[in-house]
Protein chains: 4
Amino acid sequence: MEGLDDKLILNVGGMRHETYISTVRAFPGTRLYKLTEPPPPGSPAAQGPPVREFFFDRNPELFSYVLGYYRTRQLHCPNDVCRDVLEEELAYWGLAEAPLAPCCWLKLSGRETRTQDFLSWEACENAHLDERLLLNPMEGQGLRNAWKPWLWVLLDQPQSSLGAKCLSLISTLFAVCALVIFFQETEVQLDYFSANFTPMGHGAGVGGNQQQQQQQQNNGLVYRRAPHLLYLELLCALWFGTELFARAISCPDKVRFLCSPLNLADIFCLFPVLVELVVGDKAERQPRLSLTLGAIRSLYVLKLVRLLGFLEKSLALRVLVHTLHSSWKEVCAFLLIWVAEILFFGSLFLYGELLGMSTPGQSELHFGDIFTCLWWTVITLTTVGYGDIYPLSAMGQLTAAVTATVGMCTGVLLVPVLLVRFQRYYAVALARQKLRPSGIL
Amino acid sequence: MEGLDDKLILNVGGMRHETYISTVRAFPGTRLYKLTEPPPPGSPAAQGPPVREFFFDRNPELFSYVLGYYRTRQLHCPNDVCRDVLEEELAYWGLAEAPLAPCCWLKLSGRETRTQDFLSWEACENAHLDERLLLNPMEGQGLRNAWKPWLWVLLDQPQSSLGAKCLSLISTLFAVCALVIFFQETEVQLDYFSANFTPMGHGAGVGGNQQQQQQQQNNGLVYRRAPHLLYLELLCALWFGTELFARAISCPDKVRFLCSPLNLADIFCLFPVLVELVVGDKAERQPRLSLTLGAIRSLYVLKLVRLLGFLEKSLALRVLVHTLHSSWKEVCAFLLIWVAEILFFGSLFLYGELLGMSTPGQSELHFGDIFTCLWWTVITLTTVGYGDIYPLSAMGQLTAAVTATVGMCTGVLLVPVLLVRFQRYYAVALARQKLRPSGIL
Amino acid sequence: MEGLDDKLILNVGGMRHETYISTVRAFPGTRLYKLTEPPPPGSPAAQGPPVREFFFDRNPELFSYVLGYYRTRQLHCPNDVCRDVLEEELAYWGLAEAPLAPCCWLKLSGRETRTQDFLSWEACENAHLDERLLLNPMEGQGLRNAWKPWLWVLLDQPQSSLGAKCLSLISTLFAVCALVIFFQETEVQLDYFSANFTPMGHGAGVGGNQQQQQQQQNNGLVYRRAPHLLYLELLCALWFGTELFARAISCPDKVRFLCSPLNLADIFCLFPVLVELVVGDKAERQPRLSLTLGAIRSLYVLKLVRLLGFLEKSLALRVLVHTLHSSWKEVCAFLLIWVAEILFFGSLFLYGELLGMSTPGQSELHFGDIFTCLWWTVITLTTVGYGDIYPLSAMGQLTAAVTATVGMCTGVLLVPVLLVRFQRYYAVALARQKLRPSGIL
Amino acid sequence: MEGLDDKLILNVGGMRHETYISTVRAFPGTRLYKLTEPPPPGSPAAQGPPVREFFFDRNPELFSYVLGYYRTRQLHCPNDVCRDVLEEELAYWGLAEAPLAPCCWLKLSGRETRTQDFLSWEACENAHLDERLLLNPMEGQGLRNAWKPWLWVLLDQPQSSLGAKCLSLISTLFAVCALVIFFQETEVQLDYFSANFTPMGHGAGVGGNQQQQQQQQNNGLVYRRAPHLLYLELLCALWFGTELFARAISCPDKVRFLCSPLNLADIFCLFPVLVELVVGDKAERQPRLSLTLGAIRSLYVLKLVRLLGFLEKSLALRVLVHTLHSSWKEVCAFLLIWVAEILFFGSLFLYGELLGMSTPGQSELHFGDIFTCLWWTVITLTTVGYGDIYPLSAMGQLTAAVTATVGMCTGVLLVPVLLVRFQRYYAVALARQKLRPSGIL
């Protein structure tokens, strides 16, 4: 059958591809193969001269890769093809089962992944955006419902309007004020505790007993909080409570509101001052309670993080937060590995020191329990190295050297995992930022 | 209507695309759709046979994507298209509103971003370049104005000529000389202070009083600066002042000159020696003043940074500086987070230790105020860990472990943010460096 | 010969390329050159007019690069060509020896490398996958063989079924239990050792001798392990042994099973409790033995790493492990450099301090042998810096400054090596994850 | 003139591009414009009908971008074009001056840079390869010259043959032996110095004088090196000297040989044992000399680095070394910045502490000169933090906090600079490794 008239002309979308019939007969059952089958005898097509030119209304570029598959038995694809397009074309030509050459797999997957990243980022950003756009569609529903989104945007988005900026500034001032009060109070508590506790341990002398009692009475007076500080803090707490209440009732999604760690911190912030008002003077006799209240007060610092709202436009930081969010699995795994490292090297250090010290030379233990060893391990793995505990025996030093080297490398291993994800999300975040306003999306 | 004569031939820039009329009728209102509308009866075109071939003087490659949109209802675009070109083509074909498939968004945005980076870098570099090229256009304006840019380039760009190199070398020698004088003087001051202050605290003995007075008189003598050092420093200051003055009057942009931190440092550098000349011997009786003057003198070190001028050709470093400049938002945010971490973990550590120590066992406080806790937090977050303060109770150790781990990770988080920007700017900086001399730009 | 009829028409796969005969005559001996040779006189082709149009059933896109080689004498290639395709085409046109232009080398190599990475990752993943798929083909072979893979999958892949999850949970509980027992025991041992050893060093007083003997007798009693702890640990060991035995006999590849460090740890874990049962009370009189057993017990912690099995789906972590595996050469080299750094800076520090201290001023040595110096070097290179040893002389401080700077940079140098490999493997791992389920591969 | 016959057919390399004459007339003076100029009256072309079809034997793909320039007045280029090709085409069409659109600059530069990186890496690798290939071309020159490269390859490339491997192994054994001797000797020296120096400071008692003199005499005996160690070291030095001599005379490039730091270390290594042989027993009376000799001996460690020769095939490490080599400018700049940071923060710390301490409260200086401050600064910037010196006043602590933060960031800033270069060189190194053996290059 080979000859001049074996040439087949395939006009695909206007581009004329020419090939031999023998080439096309490489894969039976496909659409191109069927073209070369002789018409069933008796059909009208069987009479005339065999047709040699066919027209298909398909993508001409991709067809040249399809034809390449017939010629070389390897299916490649262009660099910029999208997966949907490729699959649709292959299905049309009856090559849905054809295996793509390995060198072309990555061309497809890169694009795929980026699309997925894009949708993930889009979902994350829209959650914020929707709240911001909430305002408009509600306007028609009367005054009763319209104030809610208005209040929400006013309180939650410092960038949205002048009023919101002022409110946010006032809140920040109150937060700074609360922090100053908190720091003032730590001074008072520290004085109280250093006065009350030091004697217990040391002043076990003879005449010290009487002196100590007197001191404690003085301290009781010392610890009484300056009332103006308490009232000032109450004022701050009132403002914070009002703001929190307003945000809570105007929030469109109560569940997400309660799950946000910053909001939870805001709620807990209100307790200390309330408890102190209720308990009153009794707090002075319950040092643990007042200390716990103080520890809760340190959540005031988190209010400062709201200051980031002024800077929140920074794309890189939002992407960083999204990266950490979406790689919670890796973060969990790293925490687990971190804990396992601490336990393992802590135990090794304990026995290394004990084995090394059982030689007669040095014989004073500088740690009393395994928790001190774990503490040492954390401080060594993070390369802080206070020097309160350090190995004295050669075996302990060997363990410590390995621990320190492992600790140095653990930090380095975090970099690639974070970086690769960050790069991907940052690319799509940039794309979204550029294309959204120009209406291409 | 379907049949052989439904085939439509679209000759776009010489490339013949063929398709069915039914395909083209997918999107009414577009330019292609209008081709298939029957001519209004009575018009001359309605008489003859329907035209089946049309010519358009447009980009043929992009048209195949446009036609693909009609065929598959998905608009893709090639990898290397530029956004302007794509938008113009889509507008021409009446598809300006057509949504691009998600897999192709990133193709467009990548290029867009890079162009923006390029312009940002270009602006930064041209600011430098303009000064260097300032010299030529001025030549026609007579001698009075021509010396300004000539002097500026001589003083500001050590690489520009042999004279500039010599001047820069002399300045560097003066800076080294000033530094040596400065270090000499610290020795004198340290002797003075260690002699004057140590006795106050300790030598509270009986006969110590007389000895101390004598010592202080001696110290008064000791502290008197060696006059030749003062005169040498005055010489250096004179050189620096002359140079600064010359640069100030020849600078083409006074505002930017004053805002540069290196120039501000140069100005402040001049004060100490002047003040000492004015105050004279009285400085010895005002230790705070002489210490403050010494602290200002440490700005002499910044003059050494000008040595970088010899190395300034390094592209990577200029890009690094530009990266830090252009990501000031992220740097601010990181500083804010850093401060918040210090405040938060400092408070936690305080209360953790207090709560842990209120158990009877250990009971000596090793810090007196919250600022010591904050200091401890900085030293732990940066993993320096001097060991002057470290937690003694189990709860304090837990807080410290978390603090150290967070500190280790904070440094790691900085890497991706910086790296992604650096990579982008470095790519465009390289492009500019390669293409500028060859005249393509 | 130049003239109008010099035009040659090359119809390659339907795309008509036209060129001059003189162009094609650039490279004698190639297939295109031969077309232009006059036919041997006497052959039938020599009679008729010279043929000017030829048809080739080859890739038309690549042919335009081939023709470009004739026109410009530089062989380029498109961005998305695969190496096999290019080589096949060049061989067909007789240009197998043609040198590719330098600007196009990297286009080819990038793809090549990625394919290789893909196969490496594929092999690594299939090793896991095969085990998981082992179950099915065996089913026909009767009950005797079918339980092996069933048991293996049950024990080794916590994600595979509900039963496997329960078993894994029980194992984890036993591991936690063993850890708690282990920690309990360290307390007992620490008490024993601190009681036994501290007196040896200090209590060398007069009446201390009698007291000490009595104490040691007490300690002998103290160290006796609480029997219920021993029995509980025996129970854990029984469970671990049974599990290990079941995994060992059901494992499809015994050699790989034995080489896995986690399995080796499992085997060693069983020894301590067995040895203690055998030795019985004698262990109390052999402190070194009981300490060694304790050190081996710290392998219990590694059982916690199996918890990662619950998280093992994280792609990034599997890629990280594969990266470390496949870059063992670099890890070895870094370890060697690390050891060399320790030895080198340790020796320098020793002599730096000795040289610096031979000046009369300070003259107390704070280290007794070179191993203490090496220990100092490790602690400085990792930037831990306990502060138990630090240089006192100026020369020692200079050495320490260089050591610390080198240590800081060594960690940074690890980043790029790891990162580049991680990025490559992560890209192919993503590709495999996306494409495998959709059947394209 | 507009009409049907305005259509111009440009057959470029077989691809027919069609456009309007008005389009082509956009840029006068270019080759396409000239086609449309009416032929000078009287020429033969002016008689016949105007020619409307032209043939050019050029690249058809690039011509479509050229035509796009006429249509849209923006010159773009495809993604995969090489710069040479583009410039040649533009020159042919008379558009050499045409400005490329900004979005396409980076397409060109990326490729350019990679080519340059490739040549830089090629040069670096060829330097090694040439030596390895040196052997063959020399063979014809007779025996007298042939042994040189043979010896060189034998000694310098442990991987080249079995003999080279054995030699390298023997050298390594000698190096380990020399190290062991060196460590043995440090013990002796440390004993000598601790015995000789400690008494000077402390034993100022009454009866101590006599005892001390006796001790020193003993020490004089103690320090005498064990003679067998000296002879063993001499043996090692003989081997090292022979090897070095053989390598020196067989080296093809003496200058590069002398500049290599490893070879310089080899030369210096030989001195200590020779000097000791010459000086003999007098060394014992010159402690500084023996210490200096010991410090030089620590270069023995560098011989271990030759062990890397066994691992040298690792591509990543060679690229890392090349990266550091080729970014010496950045390394210098970082060192300069590092020194400036140390000087600046050291001075600030000094005055911060002095200013903070001039308050009456605490008044003991813990540093005696500015060099101690600089030492503190290095230890803080590298986050080692021994804790021998730390700030006591609030102002000093503030300075220290800033110093520690800056130190933490300085390490991070190194990462992007190194990484970007490493990535580029690694890509080209991979390309070279893949393509070289397959003969494409």
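Trainee: How much area do chain D and chain B bury between them, and what makes that area "buried"?

Mentor: In this predicted model, chain D and chain B bury about 7,100 Å² between them. The area is called buried because it is accessible area that the two parts lose on being put together, summed over both. Carbon and sulfur atoms account for 70% of it.

Trainee: How many residues does each chain bring to the contact, and what makes a contact?

Mentor: Chain D gives 83 residues and chain B gives 81 residues. Contact here means heavy atoms within 4.5 Å.

Trainee: Why is the pair Arg71(D) and Asp57(B) called a salt bridge?

Mentor: The side chains of Arg71(D) and Asp57(B) meet with N to O at 2.7 Å. The rule asks for a side-chain nitrogen of Lys or Arg within 4 Å of a carboxyl oxygen of Asp or Glu, so the pair qualifies. The count between chain D and chain B is 1 salt bridge, while 12 residue pairs, both at pLDDT 80 or more, are in polar contact across this interface.

Trainee: Which elements of chain D give two or more residues to the side that touches chain B?

Mentor: They are β2 (15-20), α4 (60-72), α5 (83-92), α6 (105-133), α17 (328-357), α18 (370-381) and α19 (394-435) of chain D. By class, that side of chain D has 47 nonpolar, 22 polar and 14 charged residues.

Trainee: How do you know that a four-fold axis relates chain C to chain A?

Mentor: Chain C is superposed on chain A by a rotation of 90° with 0.0 Å of shift along its axis, at an RMSD of 0.0 Å. That is the relation of a four-fold axis.

Trainee: Why is it said that these copies meet through different surfaces?

Mentor: Only 10% of the interface residues of chain C are also interface residues in chain A, so the copies meet through different surfaces.

Trainee: What is the make-up of chain A?

Mentor: Chain A has 20 helices and 3 strands. Of its 441 residues, 52% count as buried. Among contacts in chain A between residues at least 6 apart in sequence, 71% join residues at least 24 apart.

Trainee: What makes Glu89(A) and Arg58(A) a salt bridge, and where do they lie?

Mentor: Their closest N and O atoms are 3.1 Å apart, and the cut-off is 4 Å, so the pair meets the definition. Glu89(A) belongs to helix α5 (residues 83-92) of chain A, whereas Arg58(A) is in the loop between β3 (53-56) and α4 (60-72) of chain A; the pair links distant parts of the chain, 31 residues apart. Both Glu89(A) and Arg58(A) are buried, which means that each has under 20% relative accessible area.

Trainee: Why is Arg297(D) said to tie together parts of chain D with Glu185(D)?

Mentor: The two form a salt bridge, with their closest N and O atoms 3.4 Å apart. Arg297(D) lies in helix α14 (residues 287-297) and Glu185(D) in helix α9 (residues 162-202) of chain D, so the pair ties together parts 112 residues apart in sequence. Both residues are buried.

Trainee: Which residues of chain A are linked in a network of salt bridges?

Mentor: The network links Glu185(A), Glu233(A), Glu276(A) and Arg297(A). Over all chains, the structure holds 40 salt bridges.

Definitions and conventions: Residues are numbered from 1 along each chain as its sequence is written. Chains are lettered from A and ligands numbered from 1 in the order in which they are written. Side-chain values use heavy atoms; hydrogens and water are left out. Copies are superposed by least squares on the C-alpha atoms of residues with pLDDT of at least 70 in both. Buried area is the accessible area (1.4 Å probe) that two parts lose on being put together, summed over both. A polar contact is a pair of N or O atoms within 3.5 Å; within protein, one must be able to donate a hydrogen and the other to accept it, and residues adjacent in sequence count only if both atoms are side-chain atoms. Helices (H or I, at least four residues) and strands (E, at least two) are DSSP runs, numbered from the N terminus. Ala, Val, Leu, Ile, Met, Phe, Trp, Tyr, Cys and Pro count as nonpolar, Asp, Glu, Lys and Arg as charged, and the others, Gly among them, as polar. Buried means under 20% relative accessible area, exposed over 50%, partly exposed in between (1.4 Å probe, protein chains only).
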